[in-house]
Amino acid sequence: MANQWLKKAQDYKDSYLKDLKELVSIKSVRDDAHATDDYPLGKGPAKALEKFLSFGKRDGFKTKNLENIVGYIEYGQGDKTLAIQAHADVMPAGDGWETDPFTMTQKDGNVYGRGTSDDKGPGLAAYYGLRMLKDSGIKPNLKIRFIIGTDEESQWTGMKHYFSVEPAPTFGFSPDAEFPLINGEKGNATFETQFGDSNGVEYTLKSFNSGLRMNMVPGDATALIDVPDNEKLVDAFTKFLDTHPISGDIKLTDERMRIHIVGKAAHGMEPKNGVNAGTYLATFLNEFNFDGDAENFISFIAEKLHEDSRAHKIGADHVDSLMGETTMNVAIMKFDHTKGGTVNTNFRYPQGFSDKDILKKLILAADEYKGEVHQLDNMDPHYVDPKDPIVTTLMKVYQQQTGDTKSTPEVVGGGTYARLMDRGVAFGALFPDTEDTMHQANEFQPVNDLIKAMAIYGQSISELSK
Ligand SMILES: [Zn+2]
């Protein structure tokens, strides 16, 4: 059975690669600067959606475009609905590409280009799974909806719209992560702690800047300060660099000391993979006699947040036996002597804990430093029972197709569309041994992986729709 699907998938390889090339050539990056009533996310994402839907029409499916922000390809009928959620938008290309990011290029058995791995390649492979099912004359006993979002990389505008106007699917999967399968996604809450602008006289913090995005560990931090003895500061900084896993430089600019620290950027869902330049900078500055809100801003970061990704010091270190630990990323730290300071923290937390619990702990901790905490957003934890047929069926197919019987369903700190469904999981298409190049320059995916994924998706849809 498993072999038949792989053989079938091979027959579709050329057609698949031709379609993928067309999808990759559409620069479907969200473009708010050119948003209109007809194209709320800009033209690129809508064009990629339209292209996807045109494949569905060509292959004899019913399709529907909902306001140019989300659409679906439908097959079969029944009371139950199986949903497959992919996305047609991509991250901006960024620098460092060796080939044109929007021209799919085949090299050494791989396809290169923005979206080949996230998520045009895997999404299209899942669509081809559906197409193989139909072409083989298999009639599903439920309705299948292949739903295409156009804003996964920022706010999920389209997919959230779909779930607000269409009936909830019975179950489903999103081919937008990795194999074997993700059945748990931690909760995700963000907070901002605000500080006033009062400062010291002898030691003055003019500015402090670290971090760009909520989901990144800041790899870079800069502060401008006035101190009574520049030489003493330089000596202390040199010692600090020698004894910590960071690099940096210090210099006099416009009669003011400029301190710059370089750590290591990483995805915010596992802060241990990075070195937070901002909390190191605050820790260094905390040796000196700053005063007022500037001191509070520095001390709060240094004493309550630094090197504590499990949030022990503020007491938010909740662990769940199924979903694991709470993690905290100190994402953005800013201070300006005229405007005051802000510290943004992002938490990924398991079931049995809540955003309100974290808020309480943060308020208590910040209170000592006259910081005022505000919650910015939240998504609750998502967990599907490993015994649910959506998990057991997909795991069985994955194991049959790959022979990999060792890997097990995972819980992650990231989030996929799957969490929009009670019985939703993320399933593929990155294989455990394949390099993860999503969101990076020279994004690629091995062609054989994509064809194998197509076979896995075809068999999975077939077994789920029995
Ligand atoms: Zn994605």
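Visitor: What makes β5 and β26 a pair, and in which sense do they run?
Guide: Two strands pair if DSSP finds at least two bridges between them; β5 (residues 110–112) and β26 have three bridges, so they count as paired, in the antiparallel sense. Strands here are DSSP E runs of at least two residues, and helices are H or I runs of at least four, numbered from the N terminus. The model is predicted: local features need pLDDT of at least 70, side-chain atom pairs 80 or more, while totals for chains, interfaces and linings use all residues. Residues are numbered from 1 along each chain as its sequence is written, and side-chain values use heavy atoms, without hydrogens or water.

Visitor: Why is D151 said to form a salt bridge with R30?
Guide: The term requires a side-chain nitrogen of Lys or Arg within 4 Å of a carboxyl oxygen of Asp or Glu. The closest N and O atoms of D151 and R30 are 2.9 Å apart, so the pair qualifies.

Visitor: Why is D151 called buried?
Guide: Buried means under 20% relative accessible area, exposed over 50%, and partly exposed in between (1.4 Å probe, protein chains only). D151 has 0%, so it counts as buried. R30, at 25%, therefore counts as partly exposed.

Visitor: How do you know that E463 and K396 form a salt bridge?
Guide: Their closest N and O atoms are 2.7 Å apart, and the pair links helix α11 to helix α10 (residues 389–402). E463 has 16% relative accessibility, so it is buried, whereas K396, at 38%, is partly exposed.

Visitor: What makes α11 largely enclosed?
Guide: Of its 18 residues, 16 are buried, so the rest of the structure largely encloses α11.
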